[in-house]
Amino acid sequence: MIERFCPDRFITSARIRMAAMLMLAATIIGLLAILLSAHGTVDALGRPVGTDFSNVYSAGWMADHGRAPDAWNWPAEHAMQKAIHKDPNTPLYGWHYPPPFLIIATLLAQFPYLTALFIWQGLSLSLALLVFHRILPGREAMLAAVGAPVVMVCLGHGQNAFMTASLMAGGMLLLDRRPWVAGILLGCLVYKPQFAVLIPIVIAMKGNWRAFLAAGLTVVALCLLTWAIWGWGVWAAFIDSLPLTRHLVIELGSTGWAKIQSPFSAIRHWGGSIALAYMVQAVITAAAIAAAALAAWRGSMEVRGSATLTAALLCTPYVLDYDYVLLGGAIAFHVADMRRRGSLRWEPTILAFAWFAPLFGRSVADLTTIPLNLIAVMAMLALAVRRVVVLDDMPDWLQRLIPLRRPIAG
């Protein structure tokens, strides 16, 4: 009965183009408004232009001036951010990253603040678009990628999700054909390790030990490089900062429950205890890793990529709305598989919902406590699992365990 009301027929190429063009125009207008109303490096609301980029630039500046461990000292970093923006009321944007990210931060700190911001966002966005184009060629697909709402969210925050998505999507794309390159790309995710916890399992399920070795060697090399440049002090400072970061940012939600888009955050937003939130997060993390492992074991390259990027968003209690650039990569992989093997019912509808969700996700969660973005991610992962079961050669026992067969729509 529910199939009769499936709205897939409303998801047309013309409507996709229109939505993407409107979102791209809104993104350009919004960014221009921020820049034109700014005073120096501070916007009209008293925040640094690029908000979160403030911690990248200040950490890079301190590392370049012999003060690398101070990047994890919040009072010291806050004082540096006030000095950079020449505003005593500058909010604190804490630096929580592992030391390998200091390499990029230090390079960016060689330029004036706004120039560094433009270089960072321009290069990382271009890299993400290049990878997405390799996954899903075509002008319409590129328009949908650059006009995605999450692009506006990420650019507004000056964040690193474009690079994260490029590394993970590129690694998944090259895993079969160029395992050494894929492993290097995936190993570079050491700068944001919460999204890489499932990567060893995905690689192992494919039995691609060259990629596994390349990823491991890349992680070791980046860690040793930071140790060689700045000494053990940066690692000690990072490790010492973890308990405070976990308690204030993750467990108490100082960033804001509506902005954090994880199962853990949803439970805390609904008033659940920290223990309950960790338990729910652990269960969903395990289920997400199992789904990605299934896709890697039996699924096509495209479904494996979609499942891995989607599952990565569910495997950490600390994932924010701008990180949903990863979901954009998952959508690209999923549509690529639809082009090659056909569409299943409800897929166009759910893909459109996932594409739009970051535009409203934070506001909806703030007003209603409904985690819209989290729902979109779970729906996308379910689509990937269904695609494996329906279209790939699954063992009989697994087909009985996951009875998700649906007829293929034309």
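## Helices H1 and H6

H1 and H6 are oblique to each other. In this predicted model, helix H1 covers residues 13-36 and helix H6 covers residues 139-146. The crossing of H1 and H6 is left-handed.

On the H1 side, the contact is made by Ser13, Ile16, Arg17, Ala20, Met21 and Leu24. They meet Glu140, Leu143, Ala144 and Val146 of H6. Of the residues in this contact, seven are nonpolar, one is polar and two are charged.

## Helix H3

Helix H3 has twelve residues, 74-85. At 1.5 Å a residue, H3 should span 16 Å, and its end C-alpha atoms are 16 Å apart, so the two values agree. Lys86 follows H3 and has a positive phi, near 55°.

Buried residues of H3 are Trp74, Ala76, Glu77, His78, Met80, Gln81, Ile84 and His85. Their cover includes helix H2 (53-64), H5 and helix H12 (232-251).

## Gln121 in helix H5

Gln121 sits in helix H5, which runs over residues 113-135. Gln121 has a relative accessibility of 7% and therefore counts as buried, the cut-off being under 20%.

Leaving aside residues up to four places away in sequence, Gln121 touches Cys154, Leu155, Gly158, Gln159 and Phe162. H5, the helix that holds Gln121, is also among the elements that cover the buried residues of H3.

Conventions: Residues are numbered from 1 along each chain as its sequence is written. This is a predicted model: local features need pLDDT of at least 70, side-chain atom pairs count only at pLDDT 80 or more; totals for chains, interfaces and linings use all residues. Side-chain values use heavy atoms; hydrogens and water are left out. Helices (H or I, at least four residues) and strands (E, at least two) are DSSP runs, numbered from the N terminus. Buried means under 20% relative accessible area, exposed over 50%, partly exposed in between (1.4 Å probe, protein chains only). Contact means heavy atoms within 4.5 Å. Axes are lines fitted to C-alpha atoms, for helices over the stretch in contact, and angles run from 0 to 180 degrees between N-to-C directions. Angles under 35 degrees count as roughly parallel, over 145 as roughly antiparallel, 65 to 115 as roughly perpendicular and the rest as oblique. A crossing is left-handed if the near helix is turned anticlockwise from the far one by less than a right angle, and right-handed if clockwise. Ala, Val, Leu, Ile, Met, Phe, Trp, Tyr, Cys and Pro count as nonpolar, Asp, Glu, Lys and Arg as charged, and the others, Gly among them, as polar. The expected span of a helix is 1.5 Å times one less than its number of residues.
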